[in-house]
Each structure stands twice: as C-alpha cells, then as structure tokens.
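Open the model in your viewer and keep the sequence panel beside it. This tour goes stop by stop: select, look, move on.

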Amino acid sequence: MKKKVILYRDIPVEERQRLDEQFNVTFFNGIHEDNKEAFKAALADAEGLIGTSTKMSAELLSLAPKLKAASTISVGTDLYDLNYLTERGIPLMHTPGVLNETTADTMFTLIMCTARRAIELSNMVREGRWTSNIGEALYGTDVHGKTLGIIGMGRIGYAIAKRGHFGFDMKIQYSNRSRKLDAEQDLNATYMEMEELLKTSDFVCVMTPLTAETERLIGAKEFAMMKPSAIFINGSRGKVIDEAALIDALGNGTIRAAGLDVFEVEPLSGDSPLCKLDNAVLFPHIGSATAETRLAMITCAVDNLINALNGDISQNCANQHLLNR
C-alpha cells in the first residue's frame, strides 16, 4: 500500500506525477483559512509532508502521529520546529546546494545596487527629475578593491566571497562558528570575530541561518560599530537583524545604505519606514527566484521525500544527528 503524503504547495506537473507514482498524495494549494481545518484533518494519516511557506509548529505537527519524514522546498528550515521533529526521530529534508549560485548572484546584485544607488537614480530618471548631469551629492561608491565582510561563511557565503574575490578584487573577511579553510586557501579570506569584522568592512553581508542564537544578532550596538560609509546586506532571514535599529541607522547616517532581500514580516508593508528611505534597496525575497533554480529546488525536495520515506536520509537531512542513530 502506498504511503500517504500531503503536498501543500503547487508544483510542476512532472514533479507531481513523480509523487503520485510513489505515494497516495493529498494536495493543498497553500494553507489558508479556508482549508486549514481540512489540512489538520489530513495530518492524522500523513506519513510524509512536502511544501513550503507554511509555519509547521510543534502543535500542528503533533496532529500527524504517523509522520515519518518532511521535505521543505527551501534551504532554510525555520518554518519547521526542528527540535520537535528531532525528538520524534523524524527527518526534515531540505534543499542546500541547488540555490547557492543563484542566491549569491542576488546578494551581489544588492551590493551593486546599493553601492551605485541604482534604484534611487533609476527612479530619478523615470520621474523626470534628471535635468542635468548629476553632482557629488548623488555619487555612488566603488565595489572593486573594497573589503567584504561575510557573517556566516556557509555555501552561499562562500559563493558571494568567490564573486567578490575573483570578480572585484575585494579583500574577504568572515565571521563564522568555525574556520573555513577552503575560503582561506582559495579566496585569501581572513577569519575574525564579528566585532572586528563590523568595524573594518566596507560591505557587511549577513548569511546566517535563523536560530535562537542568531535572532536579533545585528542591532543598534552592531550598526554603531560599522563605518559611516559601510553598506549592510541581509540575505539570511529578517529576524536576524533588529529592523527598527536598521531603520534608525539608515535614517541618521550611522551607515551609508542597506540592501535587503528579507524582512521581519513578509510581505513588507508598503507603509514601512524602509520604503521611504532612498538608501535602502528592497527586494521581495527573491534570493533563489529564477525559473531554473526554483525547479531544481522542487526536484530536489521530491527526491528527498522519496528517499526519506524509503529509508535513505543520507543526503540533505537538516537534523543531521539522526544519521547516527
């Protein structure tokens, strides 16, 4: 008998067919108020979950007593209560690797846009305010030859550093829970404590996962450590920074500018103070949002669930120490 799986996000037909061949699939096109009770009822028999964009709390997961594996279509795992799953011995599969290069492209786009004031100046042209050659008040800043500080030198952090080192001759420095010898050897990166990185970097790029330790990692104290000319980039999760403190830092000139792909509350409201700041470049969480990469993530997530429900969690298991049980 086929295992029962809940798919709670629409995916391409080919990938849906692969799930249907393996499992008895119950489909929800996102979870919302109109179908939330039906979703809860379906959890009673679910042995697998696959999807994204829905918070899977311990309370919700407790309604799935038969659950054997979950697969999130993301590299981040913060939408799931990972500790709860681990306590129950349930693997959470995710999609690292397939989005590294695309997300790094996005982060470097933010670096370039903020440094050269691209959005601000594009809007000036569109609105008919370009009436003469721009003067010093609208000059940007160079990227090449500057110091790029990366907080969180994981796969994506490494890909960003690679672009800075080889493409822009930037000095790379990083802060991380552990040394990354490949970055030091290949990119001449320098390991340092976060405080020193904040004080000495021209660009500070945060790429840490959201955990209890990293929530509000960057706040008023940390922004005050940065150079007044520094540019801050956040491509991790919105709650890794104190958004109100960032707004203050941008508004009072504590730092030069910020490029953000993530926010404390998403979607970001149009009346957010961030939307009124010319020195903030705001993307709608598009780090991995290309057709090729999103398809690769879905394919990876489907593979992950098929493998996990067949007893193989050797690849892409987020709660790694389940591998040692």
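## Stop 1: a threonine in a loop

Select Thr214. With a relative accessible area of 12%, Thr214 counts as buried (under 20% is buried, over 50% exposed, in between partly exposed; 1.4 Å probe, protein chains only). Thr214 sits in the loop between strand 9 and helix 10. Helices (H or I, at least four residues) and strands (E, at least two) are DSSP runs, numbered from the N terminus. Now show Thr211: its backbone nitrogen lies 2.8 Å from the side chain of Thr214.

A note before moving on. This is a predicted model, so local features need pLDDT of at least 70 and side-chain atom pairs pLDDT 80 or more, while totals for chains, interfaces and linings use all residues. Residues are numbered from 1 along each chain as its sequence is written, and side-chain values use heavy atoms, without hydrogens or water.

## Stop 2: the annotated domain

Select residues 5-319. UniProt, in an unreviewed entry, places the feature "domain: D-isomer specific 2-hydroxyacid dehydrogenase catalytic" here. UniProt positions follow the numbering used here, feature names are shortened, and annotations may be inferred rather than shown by experiment. Over residues 5-319 the chain is 37% helix and 14% strand. The end C-alpha atoms of this stretch are 20 Å apart.

## Stop 3: aromatic rings

How many aromatic pairs does the whole structure hold? The search finds five. Rings of Phe, Tyr and Trp (its six-membered ring) pair if their centres lie within 6.5 Å; planes under 30 degrees apart are stacked, over 60 edge-to-face, the rest tilted. The ring centres of Phe28 and Phe39 are 5.5 Å apart and the planes stand at 90 degrees, so this pair is edge-to-face. Phe28 lies in the loop between strand 2 (24-27) and helix 2 (36-43), and Phe39 in helix 2, so the pair ties together parts 11 residues apart in sequence. Both Phe28 and Phe39 are buried.

## Stop 4: salt bridges

Side chains of opposite charge can pair when their charged atoms come close. Here a salt bridge is a side-chain nitrogen of Lys or Arg within 4 Å of a carboxyl oxygen of Asp or Glu. The count comes to 17.

Select Asp303 and Arg18. Their closest N and O atoms are 2.7 Å apart. Asp303 is in helix 12 (residues 291-309) and Arg18 in helix 1 (residues 13-22), so the bridge ties together parts 285 residues apart in sequence. Asp303 is partly exposed at 31% relative accessibility. Arg18 is partly exposed too, at 25%.

Next, select Glu47 and Lys68, a salt bridge of 3.1 Å, N to O. Glu47 is in the loop between helix 2 and strand 3 (48-51), and Lys68 in the loop between helix 3 (58-61) and strand 4 (69-72), 21 residues apart. Lys68 is partly exposed at 42%.

Then pick Glu101, Asp105, Lys162 and Arg163: salt bridges link them in a network.

## Stop 5: a surface patch

Select Val125, Trp130, Ile134 and Tyr139. They form a nonpolar patch on the surface, with about 420 Å² of accessible area together. Patch residues have over 30% relative accessible area and no salt bridge; like charges are joined within 9 Å, nonpolar side chains (Val, Leu, Ile, Met, Phe, Trp, Tyr) within 5 Å. Accessible areas come from the Shrake-Rupley method with a 1.4 Å probe; for residues, only the protein chains shown count as cover. End on Ile134, in the loop between helix 6 (118-126) and strand 6 (147-151). Ile134 is partly exposed, at 35% relative accessibility.

How values were computed
A polar contact is a pair of N or O atoms within 3.5 Å; within protein, one must be able to donate a hydrogen and the other to accept it, and residues adjacent in sequence count only if both atoms are side-chain atoms.
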